[in-house]
Amino acid sequence: MPTVRMPNPATLIPEAMQALMAVNKAILGAGVDAKLLALSHLRASQINGCSPCVAGGAQQLRHHGATDEQAHAVVAWRETPWFSDEERAALALTEAITRLADQPNPVPDEVWDMAAKHFDQKELAALILNIAITNAFNRLNAPTRQQAGGQW
C-alpha cells in the first residue's frame, strides 16, 4: 500500500475545510434524500479511486437505508435490479459529471433529461453540487494518497 504523502490539504488550511463542510451542509439542507446523495458520492468516489471516500460513502449509504445488495452493487448499477429510476438517473448524472473529459459531449441530453424528469431545479442543483464536492474531496485525497480508515 502506498504511503500517505501528506495530510489532507484541506486540514492544513482550516478555512478551506470549513468552506467545504459548509457546502456539504447546504447540500444536505436542500431537500434531496440523503440516501440518494450518499449513492452519488459513493459512485463518484469509486470512479476516482478515492479509498477514504469509497469507505465513507458505503458507510453513509447503509446508514441512510440502502440494502447490502445496493451498497455492494453500486459499481454495477446498470446490471442490477436494486435501484429505482430516480437513483439510476442520479447515478448516470454522477458518472457523466465525474467523467467530463471522457466524451465530447460531457453530459449528454439523454442523461440530463432523465435527471430533470426526476428532480426539480433545486434538487438538480443539490445533486450537481454533491457531485462537484465529492470530486473535490476525491481530488484532495487521491494525489496525497489518503487511505480508508486514516486520519483527516
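Visitor: What is the volume of the largest pocket?
Guide: The largest pocket in this predicted model has a volume of about 620 Å³, taken as the space filled by probe spheres set on grid points that are joined across faces, edges and corners. Residues are numbered from 1 along each chain as its sequence is written, and side-chain values use heavy atoms, with hydrogens and water left out. Local features need pLDDT of at least 70 and side-chain atom pairs count only at pLDDT 80 or more, whereas totals for chains, interfaces and linings use all residues.

Visitor: What makes a space a pocket, and which residues line the largest one?
Guide: On a 1 Å grid over the protein atoms alone, a pocket is an open set of points with protein on both sides within 12 Å along at least five of seven lines, while a cavity is a set where a 1.4 Å probe fits but cannot get out; lining residues have an atom within 4 Å of a point. The largest pocket is lined by 31 residues, and N24, H41, G56, Q60 and F137 lie nearest its centre. Two or more lining residues come from each of α2 (14–28), α3 (34–48), α4 and α8 (helices are DSSP runs of H or I with at least four residues, numbered from the N terminus). Helix α4 gives the most, with seven residues.

Visitor: Why is N138 called buried?
Guide: N138, which sits in helix α8 (residues 121–141), has a relative accessible area of 1%. Buried means under 20%, exposed over 50% and partly exposed in between, with a 1.4 Å probe and protein chains only, so N138 belongs in the buried class. Beyond its neighbours within four places in sequence, N138 is in contact (heavy atoms within 4.5 Å) with A44, S45, N48, C50, C53 and P143.

Visitor: How do you know whether P108, in a loop, is buried or exposed?
Guide: P108 lies between α6 (85–98) and α7 (109–118), yet its relative accessibility is 16%, and therefore P108 counts as buried. With residues up to four places away set aside, P108 touches A96 and Q103.

Visitor: What makes E87 and K35 a salt bridge?
Guide: The side chains of E87 and K35 meet at 3.3 Å, N to O, and a salt bridge asks for a side-chain nitrogen of Lys or Arg within 4 Å of a carboxyl oxygen of Asp or Glu, so the pair qualifies. This pair links distant parts of the chain, with E87 in helix α6 and K35 in helix α3, 52 residues apart. Both E87 and K35 are buried.

Visitor: How many salt bridges does the structure hold, and why is R62 called partly exposed?
Guide: The structure holds five salt bridges. One of them joins R62 to D68, whose closest N and O atoms are 3.6 Å apart. R62 has 35% relative accessibility and so counts as partly exposed, and D68, at 47%, is also partly exposed. R43, R78 and E95 are linked in a network of salt bridges.
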